Amino acid sequence: MQVAGAGLVSVWVNSRDHCDPHVHCADKAGKWEGRIRFSFLNNLATFWDCLTPGADPGSGVFNEISRNLVQHLRRCRAEWWRLHGGTVGCCLANSTQHDAVGQLRRVSQAVYDAATDVTELTFANGFKRRMNP
Amino acid sequence: MSSLPSGAAPAALTADDVERLVGKLAGGRMVEQVLYFEDRDVVAVQSAHFAVLIDRGFIDELRGLSPKKMKDLKVSAAGTTIELEGSDIHIEAAGLLVDYLNHLRAARAGGPMLELLEGRIAAG
């Protein structure tokens, strides 16, 4: 995937990766690389860290990439779920989220449907909530 | 090398363990380079201080690729990703190493190397 930010940058999701859900991004010249977090519950993309401290393009570049990534988050979620649905999934299990009536409850399972871009949370008490970011 | 107390289960390596370990050894870069050896169909993953040879068959992401394509494997700027850009393949290097080291542990192979790695992680 290509996203604007200091020119066009490459954005990808790694297989065998770990939580939180995130993409890696890098410039075309291969000088710097960073990570941007996203969620299966909302459309926020936030700068996580620069992995090349010796060649850091600055937070302005990563913030621009984060802003431009928002329109691609559905694809990011789908790719993350394709690669990690059988392992870490949405990284929401055991987190605390609001249920359908606004009560904070522990999530026992989270399942993403790429076709509808909907995440279904199943809480510890068995209640479910479907969320469309 | 110390041995586990009786009844203790050996801890499994996690991606964070390996990332911390290799990052320290390599001055921050997870992996320096990756090479494919066609004659043995193995992938060499090289960090600053050691290299691991991994049978290509162990790496699901690389199955079915031609030897010519395999020669295009490279490492991302930060050394975190093993990638084959034309084929849209991106593998977290720490995740691959942890999967392979845990595979060696399960197969009870690679004893001295694993003991060295675990000793360093415990000391870190």
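## A walk around chain A and its neighbour

Start by selecting the five strands β1-β2-β3-β4-β5 of chain A: in that order they form an open sheet, and the pairing is antiparallel. Strands here are DSSP runs of E with at least two residues, helices are runs of H or I with at least four, and both are numbered from the N terminus. Two strands pair if DSSP finds at least two bridges between them. Now colour β1 (2-4) and β5 of chain A, the edge strands, each of which pairs on one side only. On average, neighbouring strands of this sheet are turned by 35° against each other, direction ignored. (Axes are lines fitted to C-alpha atoms, for helices over the stretch in contact, and angles run from 0 to 180 degrees between N-to-C directions.)

Before you go on: this is a predicted model, in which local features need pLDDT of at least 70 and side-chain atom pairs count only at pLDDT 80 or more, while totals for chains, interfaces and linings use all residues. Residues are numbered from 1 along each chain as its sequence is written, and chains are lettered from A and ligands numbered from 1 in the order in which they are written.

Stop 1: Select residues 22-27 and 33-37 of chain A, which are β3 and β4; they pair in the antiparallel sense over 5 bridges. Show A:His24 and you'll find A:Arg35 of β4(A) opposite. A:Cys25 has A:Gly34 in β4(A) as its bridge partner. There are 5 residues between the two strands of this hairpin, and in the turn A:Gly30 has a positive phi of about 75°.

Stop 2: What lies across β1, β2, β3, β4 and β5 of chain A? Select residues 59-69: helix α1 does, running at about 140° to β5(A).

**Stop 3: the loop between β2 and β3.** Two residues of chain A are worth a click. A:Arg16 is in this loop and has a positive phi of about 60° although it is not a glycine. Is A:Arg16 buried or exposed? It counts as buried, because A:Arg16 has 22 C-beta neighbours inside 10 Å.

**Stop 4: two domains.** Colour 2-84 of chain A as domain 1 and 96-131 as domain 2; the bounds come from an automatic or database domain assignment. Their C-alpha centres lie 25 Å apart. Each domain gives 6 residues to the contact, where contact means C-beta atoms, placed from the backbone, within 7 Å.

**Stop 5: over to chain B.** Here 15 residues of chain A are in contact with 13 residues of chain B. The chain A side divides into 5 nonpolar, 6 polar and 4 charged residues. (Ala, Val, Leu, Ile, Met, Phe, Trp, Tyr, Cys and Pro count as nonpolar, Asp, Glu, Lys and Arg as charged, and the others, Gly among them, as polar.) Finish at B:Asp88, in the loop between β5 (81-84) and β6 (89-92) of chain B. Phi of B:Asp88 is near 55°, a positive value in a residue other than glycine. With 10 C-beta neighbours inside 10 Å, B:Asp88 counts as exposed.

Definitions and conventions: Contact = placed C-beta atoms within 7 Å. Buried ≥ 20, exposed ≤ 12 C-beta atoms within 10 Å, placed from the backbone.
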